[in-house]
Amino acid sequence: MNAQPKASHHIAGVYIEDDAGAVIESIYPATGELNARLYAATPAIVERAVEAAKAAQPAWAAMKGVERGRILLRTAQLLRERNQDLSRIETLDTGKAIQETLVADAASAADALEYFGGLAGAITGEHIDLGGDFVYTRREALGVCAGIGAWNYPIQIAAWKSAPALACGNSFIFKPSEMTPLTALLLAEAFTDAGLPAGVFNVVQGYGDTGAALASHPDIAKISLTGSVPTGAKVLAAAAPTIKSVTMELGGKSPILVFDDADLESAIGGAMLGNFYSTGQICSNGTRVFVQRGVHERFLDRLKSRTEAIRLGDPLDPDTHLGPMVSVAQRDKVLGYIESGKREGARVLTGGGVPELQGFENGAWIQPTVFADVTDSMTIAREEIFGPVMSVLVFDDEAEALERANASQFGLAAGVFTADLSRAHRVVSQLEAGTTWINTYNLTPVEAPFGGVKQSGIGRENSRAAVDHYTRVKSVYVAAGPVDSPY
Ligand code: NAD
């Protein structure tokens, strides 16, 4: 499965190699075969990226917003033209089925570039009248920003961070997850081909220490992480001495509430998408599915048969629904959670093991799994599993469901399925989550703010809200008359 890039890093518009760095291997998770071998950034490579980004930023920020936007729009166009190749490489790197990567990865990266490309010319300050004197505000770029990615949506994460950053006049350094280093380089290529000035977008590979070097670097103004809560805490600590702006897109254990009056097939479809899409490796997954007692048995019946119809297999076959997980280590971690569920008394409704797939014996495969009879105190109901494992819990009334749904240190997302319009809005208003859905789940269009509360994160990605996180406001007081001084 050869997907070897031209070199490991992309700095100032060109590929750069430094084989003194630690080896990073991209593995095809379906078979365990090697896709590519790369090298982590040495300190010299990190410095080179920071210098390139610093040098490029002032001229980039001085361009008119529409000019910056035009380059982002051209990049989006290139991603769309290259979608087939990009999707194939994303599938090789992550194991996600091509059915998904064709529509959800480079395509959603292009969405972000289009949205922020269009917005770039409309990023403005405001005018505040003081009855003679006045204040105006300027929305200024922060400078050099850096992003650190997770493995589940590699090119999407790179674009969700860089598109608003660049639209606002910042330059950017992105460090992909060491598990999935490939497509961020292809985003850098597309930017360069679209005419982005050298140094405005750079990619350095590396493990946690490279991320930490970016988070603590004095010349980097902002760090945006997509990762787990423990990593978020470390990045916040590393960013503290230099008082960096931060955006934190972290983990979750999100609830879905299904009331008796819900359209049951939609609720089951939403719960399945919100647990199994991308083989369960989605931060906003609704892994605690609270079902009201009146429909509980019917919900489980239909959920079981629909889950058992999911097709696992060759990720490059367009008919395959689900591929493997990203790595055998991650799969084994999830199997450990499944064992804990069994041990603590939950009932395996379906799945719970490793499927047998001819020709894919060495892959990171796992069955989509549903636990019934789950209680709030079980490990599988409290910790983020980050795999295709759904827990179904039963509830009696709205107040109880809300209290249990909110009893978590996480607060990324939540969903409610009900036919009662008043209840839907009432419940959503009380759910402690940054991103919520009524009668659907896990749709994250670029037009809508995305992010978490509590330990699930700080800040928002996508939408106009992202502009606040990639600009700073300067207030300018303008006097209309002489200074009135008593001295
Ligand atoms: P992770 O926290 O292990 O790693 C994330 C990134 O941080 C990687 O690039 C890693 O190299 C880097 N890193 C590790 N230690 C670091 C350190 N000390 N300093 C700086 N960087 C460091 O996460 P993961 O396992 O790659 O991804 C899964 C996690 O990400 C889950 O918790 C999931 O919920 C979360 N996630 C959140 C979102 C969101 O938008 N909220 C999206 C996707 C994934």
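The model is predicted, and residues are numbered from 1 along each chain as its sequence is written. Local features need pLDDT of at least 70 and side-chain atom pairs pLDDT 80 or more, while totals for chains, interfaces and linings use all residues, and side-chain values use heavy atoms, with hydrogens and water left out.

**Exercise 1. The ligand**

Task: Find how many residues surround the ligand, and which side chains make polar contacts with an oxygen atom of the ligand.

Solution: Begin with the shell, where a residue counts as near if one of its heavy atoms lies within 4 Å of the molecule; 28 residues surround the ligand, and the closest are G149, E178, S228, T231 and E384. By class, this shell has 13 nonpolar, 10 polar and five charged residues, where Ala, Val, Leu, Ile, Met, Phe, Trp, Tyr, Cys and Pro count as nonpolar, Asp, Glu, Lys and Arg as charged, and the others, Gly among them, as polar.

Next, look for polar contacts (pairs of N or O atoms within 3.5 Å). An N or O atom in the side chain of E178 is 2.6 Å from an oxygen atom of the ligand, and a polar side-chain atom of T231 also lies 2.6 Å from a ligand oxygen. With G227 the polar atom belongs to the backbone, at 3.3 Å from an oxygen atom of the ligand. The ligand taken alone exposes 850 Å², of which the protein buries 87% (areas by the Shrake-Rupley method with a 1.4 Å probe).

**Exercise 2. The second largest pocket**

Task: Determine which element gives the largest share of the lining of the second largest pocket.

Solution: A pocket is an open set of points on a 1 Å grid over the protein atoms alone, with protein on both sides within 12 Å along at least five of seven lines, and its lining residues have an atom within 4 Å of a point. The second largest pocket has a volume of about 310 Å³, a volume being the space filled by probe spheres set on the points. Its lining holds 15 residues, of which A61, R68, I123, R139 and E140 lie nearest its centre. Two or more residues come from each of α2 (65–81) and β6, and the largest share, five residues, comes from β6.

**Exercise 3. Strand β6**

Task: Identify the strands with which β6 pairs, and in which sense.

Solution: Strands are DSSP runs of E with at least two residues, numbered from the N terminus, and two strands pair if DSSP finds at least two bridges between them. Strand β5 (residues 127–129) and strand β6 (residues 134–141) are antiparallel and share three bridges, with D129 bridged to F134 in β6. In their hairpin, which has four residues between the strands, G131 takes a positive phi near 70°. β6 also pairs with strand β20 (residues 471–478) in the antiparallel sense, over eight bridges, and there Y136 has V476 as its bridge partner.

Conventions. Polar contact = N/O pair within 3.5 Å; in protein donor to acceptor, adjacent residues only side chain to side chain. 1 Å grid on protein atoms, 1.4 Å probe; cavity = no way out; pocket = protein on both sides within 12 Å on 5 of 7 lines; lining within 4 Å.
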